[in-house]
Amino acid sequence: MNNSEPLIEEVREPSPAVICIRTAEIAVALALAIGSLILIWDNYKLGAGWGPYGPEAGYFPMRLAIVVFIASIIVLIHAIRDNDQTPFIEVAQAKLVAVILLPLLVFVFAISYLGIYVSSALFIAAFMVLLGKFPVWKAAVVSIGVMGFFFYIFELQFMVPLPKGPLENWLGY
């Protein structure tokens, strides 16, 4: 690399932190610990011992959940002890994440009402137009073409039923 070229980190303007590393580590450790406890309980109820034919259905998942629980406790202790106040995510970075995450949540919610094919076509087209700055006609051609191809593959060739909405019902699928 040429020494006269600035590094990306040198050019970027820092912005205020949303959360610090300590907070993020504690939140993830607690979420994993709670999830692990739920899995341990469910697998215990399912049967986590050794039956007459070998391990029961919850035997291995319960042991994996115990390992994750222990690891989450170690991360929690480490996070509290180190007290790292370095920014985990800054406001500018959080905005970039939100630009993708919020439309993705709308997409997932829309699947139950519009079906996967229409929702996916709208999702692809919206990203192409809003983020990719493509013309609307190109976005329409690509999104309808891609989802038409997926419809052909999944519904007609593989005969795998995916969530459908009013358009597919109107077309008789």
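The legends below describe close-up views of a predicted model. Local features need pLDDT of at least 70 and side-chain atom pairs count only at pLDDT 80 or more, while totals for chains, interfaces and linings use all residues. Residues are numbered from 1 along each chain as its sequence is written, and side-chain values use heavy atoms, with hydrogens and water left out.

View 1. Leu114 belongs to helix α4 (residues 91-114); helices are DSSP runs of H or I, at least four residues long, numbered from the N terminus. Its relative accessible area of 31% makes Leu114 partly exposed (buried is under 20%, exposed over 50%, partly exposed in between, with a 1.4 Å probe and protein chains only). Beyond its neighbours within four places in sequence, Leu114 is in contact (heavy atoms within 4.5 Å) with Ser119, Leu122, Gly165, Pro166 and Glu168. Pro163 is 49 residues from Leu114 in sequence, yet their C-alpha atoms are 8.5 Å apart.

**View 2. Ser119 in helix α5.** Ser119 sits in helix α5 (residues 116-130). Ser119 is buried because its relative accessibility is 4%. Residues up to four places away aside, Ser119 touches Phe107, Ala110, Ile111 and Leu114.

**View 3. The salt bridge of Asp42 and Lys45.** The side chains of Asp42 and Lys45 form a salt bridge, 4.0 Å from N to O (a side-chain nitrogen of Lys or Arg within 4 Å of a carboxyl oxygen of Asp or Glu). Both residues lie in helix α2 (residues 21-46), 3 residues apart, about one turn of the helix. Asp42 is partly exposed at 37%, and Lys45 is exposed at 57%.

**View 4. The salt bridge of Glu155 and Lys164.** The closest N and O atoms of Glu155 and Lys164 are 3.1 Å apart. Glu155 is buried at 13% relative accessibility, whereas Lys164 is partly exposed at 25%.

How values were computed. Helix = DSSP H or I, 4+ residues; strand = E, 2+ residues; numbered from the N terminus.
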